[in-house]
Amino acid sequence: MSYDHKSVDGKWQKRWMDAGVFEAKEDSSKEKCYLLVEFPYPSGDGLHVGHPRSYTAMDIVARKKRMEGKNVLFPMGWDAFGLPAENYAIKTGNHPGTFTEKNINTFRRQLQSLGFSFDWSREVNTTDPAYYKWTQWMFLEFFKAGLAYKAEMAINWCPKDLCGLANEEVIAGKCERCGTPVEKKLKSQWMIAITKYADRLLADLDTVDYLPKIKKQQEEWIGRSEGAEIDFAVDGSSEKITVFTTRPDTIFGVTYVVLAPEHPLVVLIASDEQRGAVDEYTASVKSKTDIERGDETKTKTGVCTGAYVINPANDEKVPVWIADYVLGHYGTGAVMAVPQHDDRDRAFSEAMNLPIVDRPLVSFDEAVEKTSGRKKVQYKLRDWVFSRQRYWGEPIPLVHCEVDGWVAVPIEQLPVVLPVVEKYQPSENGESPLASIDSFVNTKCPQCGGAARRETDTMPNWAGSSWYFLRYADAHNDNEFASKEALKQWMPVDIYNGGMEHTTLHLLYSRFWNKFLFDRGHVPTSEPYARRLSHGLIMSEDGTKMSKSKGNVVNPDEIVNEHGADTLRMYEMFMGPFSEPVPWNTNGVIGVRRFLDKAMKMTEKISDREDAEVTKMLHKTIVKITDDIEGFGFNTAVAQLMMFVNVVQEKGSITKESLMTFLRVLVPFAPHVANEMWENLGGEGFVEEQEWPVADASMLKDDTVEIAVQVNGKLRGTIVVGSDETEEAIVTMARADENVAKYVIDEPKKTIVVKGKLVNFVV
Ligand code: ANZ
């Protein structure tokens, strides 16, 4: 007989909701614990089985912490601006908000069907004007601090659709929709100066507890290099080429200088004979991505400019080349090439038949001085392009006035609400669809009252998610993004779990955003997350990525319908180590369901007495589950729960008290089953309202004992044996011990055994 999961799941979900048991309280008498999982983008596909992996894990932690007496905040919301909704709107002409709302309802229903203990009273939605009012307000804080500025930046441009494209819409250099090769188009964009925080974003990694691989990825993304800028005068011209080098000590080995194809000096210095070849080469690299350009496995390409520069260290004349392995937007976009010491320069020299010379190194400092160079710290991190020429994003709350320039929309006028438009397509010159709505664009300058035009660009998807963890602290506040008291109560987030794919963008953006708000006195901590963990992806049964096109996506609704919420939750925890990728296995799902049926049947085995094994196993299980949850070892925790149920089945009975204690460690994993059993046993309220059990130390004594082995009364060794081992076996093991054996060559005259303590051989 298997339990009726449909009625059990629904019953407990309704009771939890009605009683509001998971709502966080503003109660500073209890220690707070803020647990955060990345809020999902509510896509049209609904929940993916990957989502519950992260959510179940943190739900287990949340349930345990509450039972340990902590005041837990475990919230959920929607990161709901995004391309799929926008593309749906372009295709159907419907408002992207309609699509988004429908998807949110589906997601909410699905998450609730899994029994997660989220505090639904604090749900946030980044597309809600009451929320994005504060995203806009924060943008204005950046603007007022001088960290938001305008710059010409290249955007991806589809010349057929006449439309700017997000990076995700460029597939192998082509427009995702029509397959036309994508071009770069210069556009004036809002930028945010995240690079001003590069050093602190790096240094403060020492103050947080992130998985080592996450820290490393952040460090590499920020990419701090110490080096120098050195000027090379162009021969026969007043121009100079400035290079950035991390190895000024190699200056005597320079055999040529390379410019990136997009370097502004390229057109100025190319000789008449080389001009044609230079133009041709420059055009040929236009559509290549940085990754293609940096590909170490491809033969290097380039062209000489016909110009020469003078090495400032030794006055040697060396040629200037153009090559795409030098990137336009790193350092100065120009490199002094030292094939003797640099692999890329050597590969290029070999491809182009350029000389490689063998020259001594000079000290660091000496090289910089000799060349009148300047020491320089360089970062890979770029400032954040914050404009999108799209509809479905937060309008940038600025107004342009001929007299006053860019002016902030006054706070009383926030939010600047997305107006209703007829067409969601960007305009033919690449402007956002907002640009064609005169009533939106034409406004008055808040400063001088004269005619002014609104900014029509919107913010990137990353904006709303850069501060959502702050809003959860005080989700319904209309006067502030969150009150100072609420932020002080909850921040920082104690544990934040999310995907490895968000390590460099979302995680870095939100750390930066929080640091900036901290500097402005708006939040109480400089770092938003004390601890960051990451879950491994769920792959399909054959180990490949689940994808709609391959038809190998598992639908969580189907598993919940067929086997119940607790089966999906426990299976996802059992399938493998939490931070490793793991393949889906339908047989594994069925196995977990069988375990839950077996667990349910323990209520039929209640008796006044139980085998000592059962008692002992219970206490071991408490210790194991307690430790495993702390260490995110969920798969081994589930294995322990299974072992316990097996022992009870084998021994045939369990006391009511033991079973009710077991339910307290089962409940984080299988909350529906645990509560149902609790009720069947006459338990009051919810299992979640009980205290987390503590193991009885005397029950944890090991099943083995250490025995001293003496020869003629002298200690010669120790052996570890099972506590119920026979005397004969103990003597055999004692004699076999290598430290003992050399003293007991012949048959001993006498063998004395003190049970559980000692063996003495008299020889
Ligand atoms: C001469 C040299 C000799 C270099 C040597 C390296 C080794 P990181 O550590 O990444 O900062 N470089 C500078 N700007 C570049 C650009 N825009 N595109 C491609 N490469 C560029 O690397 C800095 C080094 O990468 C610089 O130091 C420069 O080459 C090159 F034995 O200068 B080096």
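The model is predicted.

**Ligand site**

- The side chain of Ser-225 places an N or O atom 2.6 Å from an oxygen atom of the ligand.
- Arg-344 also uses its side chain: an N or O atom there is 3.2 Å from a ligand oxygen atom.
- Leu-327 uses its backbone instead, with an N or O atom 2.8 Å from a nitrogen atom of the ligand.
- On its own, the ligand has 640 Å² of accessible area, and the protein covers 86% of it.

**An open sheet**

- Five strands form an open sheet in the order E2-E1-E23-E24-E10, and the pairing is parallel.
- Strands E2 (71-73) and E10 (209-210) stand at the edges; each has a single partner strand, so one side of each lacks a neighbour in the sheet.
- Strand E1 (residues 32-37) runs parallel to strand E23 (residues 495-498), and 3 bridges join them.
- Leu-35 has Ile-495 in E23 as its bridge partner.

**Aromatic rings**

- A ring pair is described by the distance of the centres and the angle of the planes.
- Tyr-391 and Trp-392 form a stacked pair, 6.5 Å centre to centre with 15 degrees between the planes.
- Both Tyr-391 and Trp-392 are buried.
- The charged end of Arg-15 sits over the ring of Trp-12, 4.6 Å from the ring centre.
- Arg-454 has its charged end over the ring of Phe-440, 5.5 Å from the ring centre.

Technical notes:
Residues numbered from 1 in each chain as written. Predicted model: local features only at pLDDT ≥ 70, side-chain atom pairs only at ≥ 80, totals over all residues. Heavy atoms only, no water. Phe/Tyr/Trp six-rings, centres within 6.5 Å; stacked < 30°, edge-to-face > 60°. Buried < 20%, exposed > 50% of the residue type's maximum accessible area, 1.4 Å probe, protein only. Lys NZ or Arg CZ within 6 Å of the ring centre and 35° of its normal. Pairing = 2+ DSSP bridges. Helix = DSSP H or I, 4+ residues; strand = E, 2+ residues; numbered from the N terminus. Polar contact = N/O pair within 3.5 Å; in protein donor to acceptor, adjacent residues only side chain to side chain. Areas by Shrake-Rupley, 256 points an atom, 1.4 Å probe, with all protein chains shown as cover.
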